[in-house]
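Please look at the structure below and read the briefing that follows. The points are grouped by topic.

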Amino acid sequence: MKKILKYALMAVLAVAVVLPMASKVEAATVAVVPLIIDESVKDEEGMNSMLYSDAISKIVKFPEYDLVPDTDLVRQAALAQQEKLFTKEGMMAVAAATKADIVIAMSLDKFDWVENRYSRHDPITTLDFQGKIGVYNKLNGNFKFKNWTDNDSRESASISVREDWPHDEFGRFCRVTIKSMMQAATK
């Protein structure tokens, strides 16, 4: 009798261990097109590209997503699309070329900030960032595109000398925008 109970208990434990592993879904493969920066934008030491990559790494995490390992393949597939990249057909072509389930592409067309010293009160620093973002999900056929702008402003006196507020704001904006676009595309 003890042997039967021991074997039954081992069978229940084996099912309890194997069942959760069997129900896990495979991670979606994501192709991330490197940040497309307009030639008129001055990108000091690649700071904007690093902030974009950091935002991607915080949103596209392993258990749920798996990045396409060959970044040169993603870059070549995006370059082949040129002007059509931010269309559904362009994103579908990148997904097909890279065998990805999801494609993310973002451009930075304008990156300016100006300090207005002649305002009625304290001087104000105003940002003027513009670009495009597109996300395509091959699994459900969703394509989301947005022309984005970030026109934030802040009192110049509140910006610390050690702070790089325009780049901090761009990094924050990338995280928020990519997260909302990914959520919209995966619904």
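**Briefing on the predicted model**

Gln 82 counts as exposed because its relative accessibility is 54%, where exposed means over 50% relative accessible area, buried means under 20%, and partly exposed lies in between (1.4 Å probe, protein chains only). This is a predicted model, in which local features need pLDDT of at least 70 and side-chain atom pairs count only at pLDDT 80 or more, while totals for chains, interfaces and linings use all residues. Residues are numbered from 1 along each chain as its sequence is written, and side-chain values use heavy atoms, with hydrogens and water left out.

**Overall layout**

- The protein chain has five helices and seven strands; helices (H or I, at least four residues) and strands (E, at least two) are DSSP runs, numbered from the N terminus.
- Read from the N terminus on, the order of elements in the protein chain is α-β-β-α-β-α-α-β-β-β-β-α.
- The protein chain has 187 residues, and 34% of them count as buried.

**Loop residues with positive phi**

- Gln 82 sits in the loop between helix H3 (71–81) and helix H4 (88–98).
- The phi angle of Gln 82 is near 45°, which is a positive value in a residue other than glycine.
- Lys 99 belongs to the loop between H4 and strand E4 (102–116).
- Lys 99 also has a positive phi, near 60°, and it too is a residue other than glycine.
- Lys 99 counts as exposed because its relative accessibility is 67%.

**Aromatic pairs**

- A pair of aromatic rings is described by the distance of the centres and the angle of the planes.
- The structure holds seven aromatic pairs; rings of Phe, Tyr and Trp (its six-membered ring) pair if their centres lie within 6.5 Å, and planes under 30 degrees apart count as stacked, over 60 as edge-to-face and the rest as tilted.
- One of the pairs is Trp 148 with Phe 170, a tilted pair with 6.3 Å centre to centre and 40° between the planes.
- This pair links distant parts of the chain, since Trp 148 is in strand E6 (residues 142–150) and Phe 170 is in helix H5 (residues 165–185), 22 residues apart.
- Trp 148 counts as buried because its relative accessible area is 1%, and Phe 170 counts as buried because its value is 0%.
- Trp 148 also pairs with Phe 173, again in a tilted arrangement, at 5.0 Å centre to centre with 45° between the planes.
- The pair of Trp 148 in strand E6 and Phe 173 in helix H5 likewise links distant parts of the chain, 25 residues apart.
- Both Trp 148 and Phe 173 are buried.
- Which residues do ring pairs link into a cluster? They are Phe 111, Trp 113, Phe 129, Trp 148, Phe 170 and Phe 173.

**Salt bridges**

- Side chains of opposite charge can pair when their charged atoms come close.
- A search of the whole structure finds four salt bridges, a salt bridge being a side-chain nitrogen of Lys or Arg within 4 Å of a carboxyl oxygen of Asp or Glu.
- Asp 109 and Lys 132 form a salt bridge through their side chains (3.5 Å, N to O).
- That pair links distant parts of the chain, with Asp 109 in strand E4 and Lys 132 in strand E5 (residues 124–137), 23 residues apart.
- Asp 109 is partly exposed, at 30% relative accessible area, and Lys 132 is partly exposed, at 26%.
- Lys 110 and Asp 128 form another salt bridge through their side chains (2.6 Å, N to O).
- Lys 110 is in strand E4 and Asp 128 is in strand E5, so this pair ties together parts that are 18 residues apart in sequence.
- Lys 110 is partly exposed, with a relative accessible area of 29%.
- In the salt bridge of Arg 172 with Glu 169, the closest N and O atoms are 2.6 Å apart.
- Both Arg 172 and Glu 169 lie in helix H5, three residues apart, about one turn of the helix.
- Is Glu 169 buried or exposed? Glu 169 counts as buried because its relative accessibility is 6%, whereas Arg 172 is partly exposed at 35%.

**Negative patch**

- Glu 44, Glu 45, Asp 164 and Asp 168 gather in a patch of negative charge on the surface.
- A patch is made of residues with over 30% relative accessible area and no salt bridge, with like charges joined within 9 Å and nonpolar side chains (Val, Leu, Ile, Met, Phe, Trp, Tyr) within 5 Å.
- Lys and Arg count as positive and Asp and Glu as negative, while His and the chain ends are not counted.
- Glu 44 is in the loop between strand E2 (36–37) and helix H2 (47–59), and Glu 44 counts as partly exposed because its relative accessibility is 39%.

Definitions and conventions
Accessible areas come from the Shrake-Rupley method with a 1.4 Å probe; for residues, only the protein chains shown count as cover. The place of a charge is taken as NZ of Lys, CZ of Arg, CG of Asp or CD of Glu.
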